[in-house]
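Reader: I am new to this structure and would like to find my way around. Please take me through it step by step.

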Amino acid sequence: MDQRYRPQFHFTPEANWMNDPNGMVFFEGEYHLFYQYHPNGTTWGPMHWGHAISSNLVHWEHMPIAMKPDHNGFIFSGSIVVDWKDSSGLFGGQPGLVALFTQADQYPDSDRPRQRQSLAYSSDKGRSWTMYENNPVLVNEEYTDFRDPKVFWYEQKQHWVMVLAAGDRVQFYASYDLKTWTFASEFGMQEGSHEGVWECPDLIELPIEGTEGESKWVLILSIGDHPDYTEGSRTQYFIGEFDGTSFKNENNSDSILWLDHGRDNYAGVTWSDVQRPDRAKLFIGWMSNWKYANLTPTQEWRSAMTLPRELRLRHTPSGIQIVQLPIPALQLLREQGKSLHWEDINIRPGGNLLAGLNGERYELICEIEVDHVEEVGFNLRSSDTEKTVVGYRGAEKRLFVNRCESGESGFHNQFACRHDVQLEPIEGRIRLHLFIDHSSVEIFANDGELVITDQIFPDPSSVGLELYTCGGEATIHRLDFHPLQSIYSYEPVFG
Ligand code: FRU
């Protein structure tokens with residue numbers, strides 16, 4: 001696990017190719033993470049479901065491959081629910097796990113891809129899976145892209161709901177037994193961004209911070225890479241209401257809400273069956289981008305997941321939006337006695353408060369006065385020839401990441417890039433929470449209101465760290481630096 005670029009606190013497969021997170025479910029004290037997996041190579045290929053288990057979403061134990069292609073095709077993305085009341089009749093009255101996922105093959109005697117939904121079940125806490133004998137359980141010949149079912153229980157109507165991507169829309173289906181699905185409604189032909197194929201939907205009810213139990217429904221939707229758009233594959237979301245049958249967008253149909261303003265957070269969905277008093281949901285995304293995912297410069301394995309995040313909604317001046325926060329359990333990784341803390345300090349152009357510090361993996365938390373600042377920021381993973389810049393331009397009020405000189409980038413001509421996003425200061429200050437790993441930067445700005453997730457491939461020797469300002473002094477109201485341990489310095493054990 002000490003291979004070049006191997007993330008030290010993000011989930012990666014032990015070997016070979018990984019893409020979307022799948023089937024995330026919490027059951028009997030265990031968080032399951034399944035994922036799109038090609039066990040025989042480091043590029044996309046015949047899809048299996050890989051599997052890992054965690055008790056805290058930070059330390060993972062790798063499990064054997066959970067599902068392999070069969071006569072119905074490859075195993076594409078999908079979800080898992082706990083069938084508490086044995087509504088499927090597959091568990092002899094006991095609770096069990098039911099997976100619904102896409103199987104991909106081709107129409108007989110044709111090149112046309114065929115995507116159908118199948119079911120598998122497990123009565124041993126996800127250790128082994130049985131394919132349902134009457135697969136597939138949902139077919140549709142109209143749409144060639146017909147995939148990625150996410151299933152949940154809708155309490156008020158006492159039925160299961162499936163949302164899946166169907167061409168230029170999502171469709172909702174309902175079921176009482178998880179085996180027979182009835183069309184309920186569809187959404188999206190004229191809504192949001194269609195700059196790529198629609199994939200991997202998730203429909204969740206999220207609490208609104210600071211209210212007495214108010215919530216809204218959120219439809220998360222990934223859109224695939226398209227050669228015309230430099231951003232590549234990315235994820236949008238819609239906020240509105242869901243009545244068990246249909247979803248209504250409360251924003252204008254042409255307004256687009258992006259989940260992440262970086263390049264590397266795709267196909268993310270939330271964990272099923274996590275019952276929290278605050279009703280926040282837990283999310284993880286695939287930390288790559290279809291534009292270059294097959295080309296990133298790792299050897300033994302390819303791709304990582306984002307950090308797990310808590311999702312909630314917040315009222316902001318520009319309307320209700322998702323906030324994402326890193327899960328608190330990540331604090332387990334802070335190295336005892338090595339954290340540093342500063343308050344109310346001025347930095348000048350040319351100075352570096354952090355001179356002498358370095359590292360390949362750490363957290364930075366800061367609150368910066370930006371009213372009079374031209375530009376302030378961090379040079380991360382730096383050396384004489386490399387740096388990743390996370391900065392803020394005061395006059396334009398824009399937060400940016402520049403990975404043009406971040407390290408290896410020749411594998412794709414659009415990887416080296418600078419991108420930025422509007423970040424409104426709050427009472428003249430911005431707050432940033434950064435996580436730097438061996439091949440990624442994640443930024444949670446203004447308490448999760450805006451997130452940027454980007455891969456970088458710096459040389460292991462590029463460990464410099466600078467806090468810089470240009471065009472005048474900047475006041476740092478607060479700064480914390482936490483070196484982080486590797487998750488591999490700990491061995492979890494599951495029965
Ligand atoms: C998204 C996706 C899904 C599909 C899977 C195949 O990244 O294209 O739509 O199910 O990957 O691996």
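Author: Gladly! A word on names comes before anything else: helices (H or I, at least four residues) and strands (E, at least two) are DSSP runs, counted from the N terminus. The model is predicted, so local features need pLDDT of at least 70 and side-chain atom pairs count only at pLDDT 80 or more, while totals for chains, interfaces and linings use all residues. Residues are numbered from 1 along each chain as its sequence is written, and side-chain values use heavy atoms, with hydrogens and water left out.

Reader: What is the form of the peptide bond from asparagine 135 to proline 136?

Author: Look at the loop between β8 (130–131) and β9 (146–154), where proline 136 has its place. Most peptide bonds are trans. The bond from asparagine 135 to proline 136, with omega near -5°, is cis.

Reader: How much area do domain 1 and domain 2 bury between them?

Author: By an automatic or database domain assignment, the chain has domain 1 (16–328) and domain 2 (334–489). In contact (heavy atoms within 4.5 Å) are 29 residues of domain 1 and 26 residues of domain 2. Buried area is the accessible area (1.4 Å probe) that two parts lose on being put together, summed over both. With 59% of it on carbon and sulfur atoms, the two domains bury about 2400 Å².

Reader: How many salt bridges does the rule find across the interface of domain 1 and domain 2?

Author: A salt bridge here is a side-chain nitrogen of Lys or Arg within 4 Å of a carboxyl oxygen of Asp or Glu. The side chains of arginine 309 and glutamate 442 meet in one, at 2.8 Å from N to O. Across the interface of the two domains, the rule's count is 3.

Reader: How far apart in sequence are the parts that glutamate 363 and arginine 334 tie together?

Author: The side chains of these two residues meet in a salt bridge, with 2.8 Å from N to O. Glutamate 363 lies in strand β24 (residues 362–369) and arginine 334 in the loop between β22 and β23 (340–347), so the pair ties together parts whose separation in sequence is 29 residues.

Reader: How many residues surround the ligand?

Author: Oxygen atoms of the ligand lie 3.0 Å from a side-chain N or O atom of asparagine 19 and 2.8 Å from one of tryptophan 290. For aspartate 148, a polar side-chain atom is 2.6 Å from a ligand oxygen. Counting a residue as near if one of its heavy atoms lies within 4 Å, and with Asp20, Gln36, Arg147, Asp148 and Trp290 the closest, the number of residues around the ligand is 13.

Conventions: Polar contact = N/O pair within 3.5 Å; in protein donor to acceptor, adjacent residues only side chain to side chain.
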